Amino acid sequence: MAQPDTKKIFFENLSGAGKAIAVLTSGGDAQGMNAAVRAVVRMGLYVGAKVYFIREGYQGMVDGGENIKEATWESVSSMLQVGGTVIGSARCKEFRTHEGRLKAALNLVKLGITNLCVIGGDGSLTGANLFREEWSGLLTELVEQGSIEPQSVQTYSALHIVGMVGSIDNDFCGTDMTIGTDSALHRIIEVVDAIMTTAQSHQRTFVLEVMGRHCGYLALVSALACGADWVLIPEMPPEDGWEEKMCEKLSATRSRGTRLNIIIVAEGAIDRHGKAITSSYVKDLVVKCLGFDTRVTILGHVQRGGTPSAFDRILASRMGVEAVLALLETTANTPACVVSLCGNQSVRLPLMECVQMTQEVQKAMDEKRFEEAVKLRGRSFENNLKTYKLLAHRKPESELPHSNFNVAVLNVGAPAAGMNAAVRSAVRVGITEGHKMFAVSDGFEGFYKGQIKEIKWADVGGWTGQGGSLLGTKRTLPAKHVGKIAEQMRLHNINALLVIGGFEALESLLQLYEARATYEEFCIPMCMLPATISNNVPGTDLSIGADTALNAIVETCDRIKQSASGTKRRVFIIETMGGYCGYLATVAGLAAGADAAYIYEEPFDIRDLQANVEHLTEKMKTSIQRGLVLRNENCNENYTTDFIYQLYTEEGKGVFDCRKNVLGHMQQGGAPSPFDRNFGTKISAKAMQWVTKKLRETFRQGRVFANTEDTCCLLGMRRRALIFQPVLQLKEDTDFIHRIPKEQWWLKLRPLMKILAKYKTSYDVSDSGQLEHVVHNRPKDTDASVAM
């Protein structure tokens with residue numbers, strides 16, 4: 001159980017009384033902007049500030065009047081699941097002029113607004129910074145005109161700006177993920193998955209054009225997530241003669257029995273000479289050179305639309321709260337900042353440093369310094385590109401190193417979406433490193449029965465988008481069968497082991513580590529990748545499969561809530577999976593706008609249940625029509641889903657009625673989300689490179705012998721970095737009875753969920769962002785946004 005930290009600093013000291021905060025969305029819209037607006041409004045009201053909407057972006061600020069309206073708690077209800085931005089966005093030419101900014105300053109001063117939260121791209125944020133720099137001069141001008149009183153210059157002496165980046169292109173430097181990017185990837189991958197089925201039927205080649213005029217992020221990550229044959233992006237134009245190479249690659253893929261080809265083109269793709277590469281040019285090229293039946297699909301504004309993903313809702317909610325905290329802490333000398341996430345950590349970065357870095361990328365591209373442009377995009381972008389090249393382009397046998405090592409891959413525990421992407425990545429990286437790869441069917445049960453066979457490059461084609469576990473997975477632990485497993489390892493000369501799975505995988509590796517004392521066959525490098533929807537494995541903040549499960553829960557919650565629209569007031573009690581781990585219930589609760597989420601890690605009693613019912617009854621009487629309560633399946637053996645349903649039904653009589661849903665195994669199924677595909681792909685590639693390194697280090701006198709702690713590791717994401725941790729060291733961090741880590745980072749999100757549901761609670765700000773600098777904002781060996 002997570003123990004409270006005595007050094008916590010709570011934001012009760014940060015009062016917003018007497019402050020006025022305005023929130024606006026500007027530039028292009030992005031899914032998740034509404035979640036950010038909702039979080040800013042509710043957190044602002046919570047700390048006692050007045051909060052205003054500015055409708056239609058900077059145009060509304062210039063026009064004033066009805067465009068700047070005070071926000072209430074209820075005015076942001078039911079907007080979490082809505083795409084786009086409900087307060088409107090517009091590009092405003094007038095704000096670019098001095099006269100336009102003068103009008104905007106007057107409209108803000110009239111309402112006493114000196115705190116601005118701007119959600120937009122680099123253009124919108126640059127405009128906000130210019131406005132801040134000119135502020136005192138604009139006020140002086142307004143006094144001279146007689147538009148405001150002289151004392152207003154003193155009262156409203158400084159304008160404070162905090163930015164959040166809302167852009168589907170993920171083209172802003174300094175931030176791992178911009179609001180809207182993950183949702184746009186969802187739209188693209190949905191289309192690609194649908195197209196693949198029809199392409200397969202007719203043996204077609206499809207050329208998909210995705211957004212990204214100046215940034216190839218969407219094209220690159222969607223290519224990685226669907227295993228595309230070729231990708232064209234503006235940051236790294238192909239070498240001269242690429243047309244011939246691409247056609248050779250497509251032809252070779254077909255000759256191995258593949259029935260389709262996918263080529264992804266960013267709308268801003270260019271060649272080395274700056275000439276545009278269009279989707280129609282690529283199509284004509286394939287038809288002319290290969291004669292393949294080829295079609296073009298331009299996704300266009302589909303990518304901007306639709307419901308925001310769970311990731312975007314959580315990102316935007318966390319950033320909205322962080323933006324309000326940043327505004328409360330700001331002084332006249334604090335530079336305008338951007339709030340963002342680096343890994344799982346909130347960061348604040350000077351706005352203009354981020355803008356300058358973003359402009360440097362474009363300058364490098366204009367000057368044809370493409371390698372530098374890729375580096376400036378950040379570590380995550382660079383790693384995406386390296387991983388894509390590693391997995392998509394097979395080297396000829398003659399160019400591959402020959403290591404003579406045999407590496408086995410297996411899945412253990414319950415299936416999790418993204419496992420197959422991890423296996424594909426491991427197999428292909430292993431082959432590229434010169435190893436012979438073996439697939440073990442049905443986990444350790446298949447291992448001791450000898451269900452082991454060599455797996456080749458082509459065998460894992462098309463695996464990234466498949467849900468479940470194609471290798472087969474069982475919960476069987478190896479302890480009872482170590483002798484037989486050792487015999488199979490001897491028989492197949494297995495030199496290293498990659499285990500992909502949940503809590504059972506961790507227990508398995510601990511058992512194999514113990515077995516090293518008896519069987520030398522287990523004195524080999526062993527690595528585990530966490531893959532479980534419950535996200536209950538110690539040593540990692542995220543597990544493969546958890547994001548897909550979250551999206552399944554959130555989508556279902558949206559539908560369930562919608563089913564009550566237009567009817568009388570209703571509360572839904574929803575049971576989620578997770579064993580004793582409350583991750584799914586908590587984070588889905590934050591993403592779906594739940595009123596309460598009951599979990600094992602935060603004990604509750606009948607008084608808490610009563611308080612929740614009364615709180616919900618009060619809200620139902622005054623404002624909301626629908627309530628949502630989540631319950632983790634093992635949160636309490638006595639307060640079951642039925643008990644909570646009956647309690648709410650009885651106590652809510654005359655105010656609301658109740659319905660209950662047990663979501664069950666639908667949380668485990670479905671195609672993996674883009675996040676899980678890429679997380680699985682990238683950590684698996686990193687794990688195989690670690691395996692290669694350890695094999696070389698431990699190969700002596702003609703054999704591999706590895707018996708130290710650091711040769712039996714779990715690869716996990718901790719805060720900002722990907723870290724290999726010896727499984728033996730993780731024993732101390734684990735509650736084996738309840739199968740959860742003793743400390744869990746996401747428990748810090750619970751007060752956030754409660755605040756946004758109108759509860760009075762303490763919010764720990766000890767982990768909130770401190771102002772950093774763009775260049776130094778990451779440790780050396782990190783890929784903080786490893787998943788994306």
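I count two strands as paired if DSSP finds at least two bridges between them. Helices (H or I, at least four residues) and strands (E, at least two) are DSSP runs, numbered from the N terminus.

I am working on a predicted model, where local features need pLDDT of at least 70, side-chain atom pairs count only at pLDDT 80 or more, and totals for chains, interfaces and linings use all residues. Residues are numbered from 1 along each chain as its sequence is written, and side-chain values use heavy atoms, with hydrogens and water left out.

**Entry: strand 18**

Ile573 stands opposite Lys660 in strand 21.

Next I checked burial (under 20% relative accessible area, 1.4 Å probe, protein chains only). In strand 18 (residues 570–576), 7 of 7 residues are buried. Arg570, Phe572, Ile574 and Thr576 point one way, while Val571, Ile573 and Glu575 point the other way. In a regular strand, side chains alternate between the two faces of the sheet.

**Entry: helix 14**

I found 14 residues in helix 14 (residues 419–432). Of these 14, 14 are buried. Just after the helix, Gly434 takes a positive phi of about 95 degrees.

**Entry: Thr181**

I placed Thr181 in helix 6 (residues 181–202). Is Thr181 buried or exposed? Thr181 is buried, with a relative accessible area of 0%. Leaving aside neighbours within four places in sequence, its contacts (heavy atoms within 4.5 Å) include Asp169, Tyr217 and Asp312.

Note on methods. Buried means under 20% relative accessible area, exposed over 50%, partly exposed in between (1.4 Å probe, protein chains only). The expected span of a helix is 1.5 Å times one less than its number of residues.
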